[in-house]
Amino acid sequence: MTDVVASNAEPPEPRSVQRTHVLLFALPALLFFLIFALIPLLGVVALSFTNWNGIGEITWAGLESWREALARPSTWNGLWLTIKIIVLSWLAQTPISILLGTFIAGQQKYRNVLAILYFLPLLLSSAAIAITYKTLLDPYFGLSAGLGIPALAQDWLGDTTLVWYVLVFIIAWQFIPFHTLIYQGGVRQIPRQLYEAAEIDGAGRISQFFHITLPQLKYTIITSSTLMAIGALTYFDIIFVLTGGGPGVATRILPLDMYLTGFRGNEMGVASCLAVILVVFGLLLAMGIQRLGGTDATSSQLEGGV
């Protein structure tokens with residue numbers, strides 16, 4: 001009987017055929033990446049070696065645009081502010097996202113309702129959110145006037161310190177729901193047996209959280225942190241609508257500086273240099289965060305506590 005089954009079984013496909021099938025499945029994604037990512041990136045790199053005002057003729061400039069970009073204080077100020085917003089937004093989002101993700105990972109029905117409510121801010125446009133908060137924080141016509149609360153009558157967007165509290169709060173308010181769902185999925189993958197064994201040993205919920213939940217979420221935290229850091233490089237719309245880079249240059253992060261240099265200063269060559277710097281910085285940042293996960297970033301989450 002075994003011989004009959006073995007004889008009827010189809011022989012395995014040759015390795016070359018398997019590779020062909022894999023290539024065919026990957027081809028659409030590769031073409032999409034080539035057309036919409038790699039080719040435009042190469043075009044920006046080429047443009048960084050030219051002089052162009054966005055309208056007239058493109059002329060070759062060698063390293064002139066690069067020297068100009070690297071010599072400007074606004075470039076280094078923008079890079080520093082970009083790092084600042086990455087760190088502050090990570091510190092604001094990560095603890096709250098982990099706690100909310102752990103909370104709504106339970107099986108109670110009402111927690112599903114809360115999960116939907118938490119997710120609502122992510123469905124809104126960043127520009128619409130910025131316009132709304134800009135109106136609400138107006139010291140003369142916003143919440144301070146509507147609610148009659150003098151403490152709110154401050155120049156929230158005109159003070160170089162307060163404006164950062166506002167930015168971090170808005171970013172956290174909008175994007176915490178997304179990372180909460182990531183942590184919710186991570187918590188639900190943790191075997192229940194670990195918690196049952198801890199309960200038998202007399203460990204309370206706080207002890208279980210720090211000794212089981214957090215270690216098991218190691219790779220989830222790495223993934224979420226990577227998305228937060230790379231996402232911080234795209235906060236252009238919120239800052240552009242809310243502050244325009246002000247007061248002064250207090251919030252002129254590198255993506256905003258790139259836009260203002262290219263489309264308002266008509267210096268496309270210098271702006272392309274800033275774009276390349278931003279891409280390289282983002283790649284190094286993502287690789288650095290992934291390195292924190294160890295040599296095998298694809299390992300199972302169950303190894304997080306090992």
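Mentor: Let us begin with a definition: axes are lines fitted to C-alpha atoms, for helices over the stretch in contact, and angles run from 0 to 180 degrees between N-to-C directions. Please keep in mind that this is a predicted model.

Trainee: Which term describes the orientation of H8 to H11: roughly parallel or roughly antiparallel?

Mentor: Helix H8, residues 162-188, packs against helix H11, residues 218-232, at an angle of about 165°, and their axes are 10 Å apart. Angles over 145 degrees count as roughly antiparallel. H8 is therefore, relative to H11, roughly antiparallel.

Trainee: How many nonpolar residues does the contact of H8 with H11 have?

Mentor: H8 passes H11 in a right-handed crossing. On the H8 side the contact is made by Phe178, His179, Ile182, Tyr183 and Gly186, and on the H11 side by Thr220, Ile221, Ser224, Leu227 and Met228. By class, this contact of H8 with H11 has no charged residues and 4 polar ones, and its nonpolar residues number 6.

Trainee: H11 also packs against H4. Which term describes the orientation of H4 and H11 to each other?

Mentor: The angle between H4 and H11 is about 140°, with their axes 10 Å apart. Roughly antiparallel would require an angle over 145 degrees, and roughly perpendicular one of 65 to 115. The orientation of H4 and H11 to each other is therefore oblique.

Trainee: Which residues of H11 make the contact with H4?

Mentor: The crossing of H4 and H11 is right-handed. H4 contributes Ile85, Ile86, Ser89, Trp90, Gln93, Thr94, Ser97 and Ile98 to the contact. By class, the contact of H4 with H11 has 8 nonpolar, 5 polar and no charged residues. The residues asked for, those of H11, are Ile221, Ser225, Met228, Ala229 and Ala232.

Trainee: What is the orientation of H4 to H10?

Mentor: The axes of H4 and H10 come within 12 Å and cross at roughly 95°. Angles of 65 to 115 degrees count as roughly perpendicular. The orientation of H4 to H10 is therefore roughly perpendicular.

Trainee: Which element gives the most to the lining of the largest pocket?

Mentor: The largest pocket has a volume of about 680 Å³. Its lining has 19 residues, of which Thr102, Arg111, Val187, Arg192 and Tyr195 lie nearest its centre. Helix H4 (73-103), H8, helix H9 (192-200) and helix H10 (205-216) each supply at least two residues of this lining. The element that gives the most, with 4 residues, is H10.

Trainee: How many charged residues does the lining of the second largest pocket have?

Mentor: The second largest pocket has a volume of about 250 Å³. Its lining has 16 residues, with Val44, Met258, Ala271, Ser272 and Ala275 nearest the centre; H14 gives the most, with 6 residues. The lining of the largest pocket has 8 nonpolar, 6 polar and 5 charged residues. That of the second largest pocket has 14 nonpolar and 2 polar residues, and the number of charged ones is none.

Trainee: Where is proline 247 found?

Mentor: A cis peptide bond joins glycine 246 and proline 247, with omega about 0°. Proline 247 is found in the loop between helix H12 (236-242) and H13.

Note on methods:
Residues are numbered from 1 along each chain as its sequence is written. This is a predicted model: local features need pLDDT of at least 70, side-chain atom pairs count only at pLDDT 80 or more; totals for chains, interfaces and linings use all residues. Side-chain values use heavy atoms; hydrogens and water are left out. Angles under 35 degrees count as roughly parallel, over 145 as roughly antiparallel, 65 to 115 as roughly perpendicular and the rest as oblique. A crossing is left-handed if the near helix is turned anticlockwise from the far one by less than a right angle, and right-handed if clockwise. Contact means heavy atoms within 4.5 Å. Ala, Val, Leu, Ile, Met, Phe, Trp, Tyr, Cys and Pro count as nonpolar, Asp, Glu, Lys and Arg as charged, and the others, Gly among them, as polar. On a 1 Å grid over the protein atoms alone, a cavity is a set of points where a 1.4 Å probe fits but cannot get out, and a pocket is an open set with protein on both sides within 12 Å along at least five of seven lines; lining residues have an atom within 4 Å of a point. Grid points are joined across faces, edges and corners, and a volume is the space filled by probe spheres set on the points.
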